[in-house]
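I opened this notebook to record what I looked up, entry by entry. The sequence and the structure come first.

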Amino acid sequence: MGKFTNKIVLITGATRGLGKALAHRFASEGATLILMARHVDGLERLDSELEQYGIETTLVPLDLNKVDRLEGLPQALGDKYGRLDVLIGNAAILGNLSPVTHFSPRTFQQIMDVNVTANWHLMAGLECLLRNSKNPRSIFVTSGSSQKATPFWGPYAASKAALEILVKTYAAEMEKTPLKINLVDPGVMATDMFKKAMPGADLTTVPSPEEMTDVFLYLASESCQDTGQIFKARDFKAKREAQSKEAPKKSL
């Protein structure tokens with residue numbers, strides 16, 4: 001049995017990059033997965049890959065640009081599972097990299113809808129199912145771009161900054177409940193988004209998404225008591241590796 005056997009985990013943006021890496025990691029730990037992404041074919045390919053783990057999956061083809069379609073999700077998942085143990089809000093879009101005033105209203109709104117508004121819908125809609133879990137956890141993915149003004153990254157950075165304060169406020173409001181709510185900054189990874197932002201960059205010089213999943217398992221675990229925090233995946237990984245190297249020395 002894996003660490004997440006009998007746990008129900010929902011992952012948005014599940015078919016590519018970090019979302020796909022997380023789907024495999026939680027599947028390897030026995031989790032029941034609810035996988036959300038825009039395209040049915042991508043979800044079906046991922047589902048085939050996950051068959052090796054012998055877990056149950058539910059595929060949810062849904063475009064987060066159409067946030068109104070999220071309204072029926074809580075009822076559907078409630079009817080099937082009755083609860084949700086872990087929510088991972090991973091899906092995000094970069095948009096194009098342009099001066100702030102050069103973005104079209106449509107592109108600006110799409111970035112905000114996917115990166116902020118959809119996550120608010122998930123918080124509000126799925127809270128009732130998370131409350132039915134003994135140790136509910138919510139994790140949202142942010143970016144270091146929220147902490148600095150980088151030319152041409154305006155709407156994306158603004159969306160992540162908005163997500164951070166939204167999540168931190170929600171965590172403060174839920175502090176006296178079992179629900180622990182945190183954010184992860186995975187840092188630069190070899191993903192399609194990175195290739196779009198940095199065309200021509202050498203992908204072998206940056207970590208893979210698979211290398212950045214450890215912190216998510218910790219934040220989704222029953223042992224996690226942190227809430228309202230931003231965890232840097234690379235720092236978490238380095239700390240764990242240092243601890244593992246120190247452990248044999250202490251036992252001598």
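**Entry 1. Basis.** I note that this is a predicted model, in which local features need pLDDT of at least 70 and side-chain atom pairs count only at pLDDT 80 or more, while totals for chains, interfaces and linings use all residues. Residues are numbered from 1 along each chain as its sequence is written, and side-chain values use heavy atoms, with hydrogens and water left out.

**Entry 2. Terms.** I take helices (H or I, at least four residues) and strands (E, at least two) as DSSP runs, numbered from the N terminus. Buried means under 20% relative accessible area, exposed over 50%, and partly exposed in between, with a 1.4 Å probe and protein chains only. Contact means heavy atoms within 4.5 Å.

**Entry 3. Helix α2.** Which residues of α2 are buried? In this helix, residues 40–50, I found G42, L43, L46 and L50 buried. Their directions fall within an arc of 95 degrees seen down the axis, so they line one face of α2; the arc is that of the directions from the helix axis to the C-beta atoms. I recall that an α-helix has 3.6 residues a turn, so residues three or four places apart point the same way. The buried residues of α2 pack against α1 (17–28), β2 and β3.

**Entry 4. α1 with α2.** I then looked up how these two helices meet. Their axes come within 10 Å and cross at roughly 30 degrees. Axes here are lines fitted to C-alpha atoms, for helices over the stretch in contact, and angles run from 0 to 180 degrees between N-to-C directions. That makes α1 roughly parallel to α2; angles under 35 degrees count as roughly parallel, over 145 as roughly antiparallel, 65 to 115 as roughly perpendicular and the rest as oblique. The contact is made by K20, A23, H24 and A27 of α1 and L46, E49 and L50 of α2. By class I noted four nonpolar, one polar and two charged residues in the contact of α1 with α2. Ala, Val, Leu, Ile, Met, Phe, Trp, Tyr, Cys and Pro count as nonpolar, Asp, Glu, Lys and Arg as charged, and the others, Gly among them, as polar.

**Entry 5. L35.** I looked up L35, which is found in strand β2. Is L35 buried or exposed? Its relative accessible area is 0%, so L35 is buried. Neighbours within four places in sequence left aside, the residues in contact with L35 include A23, L43, L46 and L50. Between the C-alpha atoms of L35 and A23 I read 7.8 Å, with the two residues twelve apart in sequence.

**Entry 6. Helix α3.** L73, P74 and L77 are buried in α3, residues 73–80. They cover an arc of only 95 degrees around the axis, which puts them on the same side of α3. On the other side of α3 I found Q75 and D79 exposed. The buried residues of α3 pack against β1 (8–12), β2 (32–37), β3 (57–61) and α4. G82 follows α3 and has a positive phi, near 80 degrees.

**Entry 7. α3 with α4.** The axes of α3 and α4 cross at roughly 20 degrees and come within 9 Å. That makes α3 roughly parallel to α4. L73, P74, L77 and G78 in α3 meet L122, G125, L126 and L129 in α4. I counted this contact of α3 with α4 by class as six nonpolar, two polar and no charged residues.

**Entry 8. α4 with α5.** Helix α4 (residues 105–130) packs with helix α5 (residues 154–173) at an angle of about 15 degrees, and their axes are 8 Å apart. α4 and α5 are therefore roughly parallel to each other. Among the residues making the contact are F108, W120 and M123 of α4 and Y156, L163 and Y170 of α5. By class, the contact of α4 with α5 has 14 nonpolar, three polar and one charged residues.

**Entry 9. Loops and segments.** R131 lies in the loop between α4 and β5 (137–141). Apart from neighbours within four places in sequence, R131 is in contact with M174 and T177. F152, in the loop between β5 and α5, has a positive phi near 80 degrees although it is a residue other than glycine. At 46% relative accessibility, F152 counts as partly exposed. N6, in the segment before β1, is not a glycine either and has a positive phi of about 75 degrees. At 56% relative accessibility, N6 counts as exposed.
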